[in-house]
Every structure is written in C-alpha cells, then in structure tokens.
Amino acid sequence: MIEVPAFSYFTIHGIGNPNSNAFGEYVSALYSASYAIKMSPKKKCAPKDYAEYAVYPLEGVWDLTEDGKQNYNGSLDKEKLSFTLMIRQPKFVDEIYAQSIIEKMRQKNTDILLGEIKFEKFEEGKCIQMLHIGSFDEERKSFEAMEAFAEHLSLKRAGHTHKEIYLSNPERVSKDK
C-alpha cells in the first residue's frame, strides 16, 4: 500500500480494444505531446525552470463502458473497454504551457486526436499497487493477489476501475515478461 500524491498528466479518453490500430493512435498522440515538451529547448520554446528529464511511462485507467457493465457475463469483451491514457508531466509544465504546446502541434498537424488531449491533475491517494509480470491476459492473478492483500488489511475494493503503469513496450517484450 502506498500514498500517491497529485501529479499533472496529458490525458486522452477512448473506448475499444487495446489491441486495435486505433488504440495505437491514442498512444501516439500522447507521446507526441510529451516529446514536444521534452524537445522544447531545441525549438527555443522551453518553459520556465525547464530541466532535462526522461519522458514518463504511459499509464492507463481502465473500466467497462456502461453497456459493457450491464451485459457483462464473466467474459471480457475488449471492445467494451473504456480507457483514459495518460503520461505524467514534469513539475515545470503548467496548464498554460501545456495548452500552448498542444495548440502549436495542432497548427502543424491535422491529427484529430491532438484536439482530444487534456492537461489534468490527478491525486490517487492511498492505493494498493503491485508489479505484474506476464501477459495482459494473466492480469486476473495480480488482481486476486491485490484483493487478498486488501482483505488482509480489512479493506474493500472501491470499484473495478484500475490503473496500470507500463514499464515496458509490449511490442518489444515477449508476452511472458
């Protein structure tokens, strides 16, 4: 169990299967905005107090759509997944600067998803986290372990929405890792 403080993120919301090409477009839009900030010194438009950093990993908050919840039969229909993808931003990035970067990108690029990116602050507070190693199809075992840990602490899961932080690229790592 850990306490996660407030952080600022670029976020984008979508619905559908994370194995689809469309999902990759959401991820690409977020990384484009994040790397635009990282590379801003080269463009002579870095924010005040800029410091060199590594772009943070992709994160995702997952749930089922309302239809997915109502028609859930024990088998997950990935087309009915609702997600908010996010990439944390450094402390020196504020709302005004983040919006200016997105606007500059939209002027140069007609990618419709750039208009869907938001700059938001999230504070998770107390939560249970664990490192899952293996296929996404095996996540149930990790959820069961976290629920058992919560039960041991006399805690109950508030809902089925969950957050994942991707420490590696699934396209570059074998499924068992």
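**Note on the predicted chain**

1. Contacts across the sequence. Of the contacts in the chain with a separation of 6 or more, 76% involve residues 24 or more positions apart. Contact here means heavy atoms within 4.5 Å. The model is predicted: local features need pLDDT of at least 70, side-chain atom pairs count only at pLDDT 80 or more, and totals for chains, interfaces and linings use all residues. Residues are numbered from 1 along each chain as its sequence is written, and side-chain values use heavy atoms, with hydrogens and water left out.

2. Overall build. The chain has 4 helices and 5 strands. Their order along the sequence is β-α-β-α-β-α-β-α-β. Both element types are DSSP runs, numbered from the N terminus: helices are H or I with at least four residues, strands are E with at least two. The C-alpha atoms occupy a box of roughly 50 × 35 × 30 Å along the principal axes.

3. Surface and burial. The chain has 177 residues, and 33% of them are buried. Buried means under 20% relative accessible area, exposed means over 50%, and partly exposed lies in between (1.4 Å probe, protein chains only). The accessible surface is about 11900 Å². Carbon and sulfur atoms hold 52% of that surface. Areas come from the Shrake-Rupley method with a 1.4 Å probe.

4. Charges. There are 24 positive and 27 negative charges, and their mean positions lie 7 Å apart. Lys and Arg count as positive, Asp and Glu as negative; His and the chain ends are not counted. Each charge is placed at NZ of Lys, CZ of Arg, CG of Asp or CD of Glu.

5. Strand S1. S1 spans residues 2-15 and pairs antiparallel with S4, residues 118-127, over 9 bridges. Pairing requires that DSSP finds at least two bridges between the strands. Phe 7 faces Phe 122 of S4 across this pairing. S1 also runs antiparallel to S3, with 8 bridges. There, His 13 is opposite Thr 84.

6. Strand S2. Of the 7 residues in S2, 5 are buried, so the strand is mostly covered. S2 pairs with S3 (residues 81-89) through 7 bridges, in the antiparallel sense. Asp 63 sits opposite Ser 82 of S3. S2 is also joined to S5 (residues 162-165), by 4 antiparallel bridges. Gly 60 has Glu 164 of S5 as its bridge partner.

7. Glu 59. This residue belongs to S2, residues 58-64. Glu 59 counts as buried because its relative accessibility is 6%. Its side chain makes a polar contact of 2.5 Å with the side chain of Lys 163. A polar contact is a pair of N or O atoms within 3.5 Å; within protein, one must be able to donate a hydrogen and the other to accept it, and residues adjacent in sequence count only if both atoms are side-chain atoms. Beyond its neighbours within four places in sequence, Glu 59 touches residues including Tyr 9, Thr 84, Arg 88, Lys 163 and Tyr 166.

8. His 162. This residue lies in S5. His 162 is buried because its relative accessibility is 17%. Its side chain makes a polar contact with that of Glu 164, at 2.9 Å. Leaving out residues up to four places away in sequence, His 162 is in contact with Gly 60, Val 61, Trp 62, Phe 143 and Arg 157.
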